[in-house]
Amino acid sequence: MANVGTDRVKRGMAEMQKGGVIMDVVNAEQAKIAEEAGAVAVMALERVPSDIRAAGGVARMADLTIVEEVMNAVSIPVMAKARIGHIVEARVLESMGVDYIDESEVLTPADEIYHLNKRDYTIPFVCGCRDLGEAARRIGEGASMLRTKGEPGTGNIVEAVRHMREVQAQVRQLVTMSSDEIMTFAKELGAPYEVLIDIKENGRLPVVNFAAGGVATPADAALMMQLGADGVFVGSGIFKSEDPAKFAKAIVEATTHYNDYELIAKVSKGIGTAMKGLEISTIAPEQRMQDRGW
Amino acid sequence: MIKIGVLGLQGAIREHVQSIESSGAEAIVIKKKEQLEEVDGLVFPGGESTTMRRLIDQYDFFTPLQQFGKQGRPIFGTCAGLILLAKEISGQEQSHLGLMNITVERNGFGRQRDSFEETLRITGVAEDFEAVFIRAPYIAEIGGDVEILARSQGKIVAAREENYLCSAFHPELTGDHRFMQYFIHMVEESKKQLAS
């Protein structure tokens, strides 16, 4: 008997992406450039986060013709974003055979109280997190992969660093705790107790945790790997740079060899200018994507 | 002690390292081609085959990996690793290392929503092996001296040819190390032979 949609199959899919780079693309041509550069997956979107930010208004699931076009163009896995809590967007993407859904704060949330019950779906989900409480809640809902939220579309790594450090520090804290402290810790974090117990017993998160939200250069990608990320999402960073094909390749290499500074120096030369970044303090509080999600 | 390398460019590297260590051998993550000299056998982990191939080319791994196999040292490819080993890939003009006489169908069982687990009988390994298939390939055709070790839904999903072993599923994702132990036994045999 073959069983589909089990935890092992869903989490395992993310395990296979480890050490790799997942790139945002808005058409088949970009998807091919990403695959050629060595991306482990692509995220099919209508607009990259920096353009979503610039355009304003309501950001929804991508035009499905784009998603389909990207799925037909490449053999690597294709991910797509659904709005937080939007059951039908998620189901539609699942019915199309998208390989992974990102329940994403980059889009305008459809529900301001509840996230999706991701256990209900055959395909896996990735969700954003800023700390262990948020990570554990998403795991509790059935997320098979995590990523830091960072601050998408800014090309500014500072928030992704903050979130990765916070999650890692809290995992370390949890692992060294005595068992009788965990319930109170769960209460403080707003985290499901059982998920914390699992993390304590295994010494690590039960799912892969990538970095996302502000990666703009090969050095940024390597930095996130050094801070403990299992891999990297690059949103606006690649196709908003001067020479996307070269830039994409350089980010892939820096992610693989994140400890090899000579190599990172070599791949960072002659790749053109990175995307223009945004200072976080210039973003109005209501425009901060990382505060979406509960 | 037997030393097994895990090609460490991308994919489920840590899981293979744990499986090797739990099976009583030493695991070494191979990031540079020079490290291939240190190991008796090699594992190509699961991951994305196109990504691994790009990195193999970028770091001049291609010929050293082929030589490793042609010297008779064992290689175990899982999922993407099986694709790297294959002589032919359906629908593609070029294969990768082309070491094993198999033709492989990439994503043969479908996309992620079709990924599954199933208990399999694997010849010489186990009667009840829990196999996890993730966007898995299958072996469409075999040639040479390829021995079929397991089938799922009628498709070939594990095989051996001399010093090459492959599976379309991911033995590293379960706590069951019997398939890895089978490989380590192959490595022990080859080490004895290569020494004599």
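Colleague: How much area do chain B and chain A bury between them?
Modeller: The size of an interface is often expressed as the accessible area that is lost when the parts come together. In this predicted model, where local features need pLDDT of at least 70, side-chain atom pairs count only at pLDDT 80 or more, and totals for chains, interfaces and linings use all residues, side-chain values use heavy atoms, with hydrogens and water left out. Residues are numbered from 1 along each chain as its sequence is written, while chains are lettered from A and ligands numbered from 1 in the order in which they are written. With buried area taken as the accessible area (1.4 Å probe) that two parts lose on being put together, summed over both, 49% lies on carbon and sulfur atoms, and the total for chain B and chain A is about 3300 Å².

Colleague: How many salt bridges are there between chain B and chain A?
Modeller: A salt bridge here is a side-chain nitrogen of Lys or Arg within 4 Å of a carboxyl oxygen of Asp or Glu. Glu15(A) and Arg14(B) form one, with their closest N and O atoms 3.9 Å apart. Between chain B and chain A, the count is eight salt bridges.

Colleague: Which element gives the most to the side of chain B that touches chain A?
Modeller: Contact means heavy atoms within 4.5 Å, and it takes 37 residues from chain B and 43 residues from chain A. Helices (H or I, at least four residues) and strands (E, at least two) are DSSP runs numbered from the N terminus. On the side of chain B that touches chain A, the elements giving two or more residues are helix H1 (13-22), helix H2 (49-58), strand E7 (116-122) and strand E8 (126-133) of chain B. The most, five residues, comes from H2(B).

Colleague: Why is one side of E1 of chain A left without a neighbour in the sheet?
Modeller: Strands pair if DSSP finds at least two bridges between them, and two bridges join strand E1 (residues 3-4) of chain A to E7(B), running antiparallel. Val4(A) has Phe116(B) as its bridge partner in E7(B). The open sheet of three strands, with antiparallel pairing, has the order E1(A)-E7(B)-E8(B). Because E1 of chain A stands at an edge, as does E8 of chain B, each has a single partner strand.
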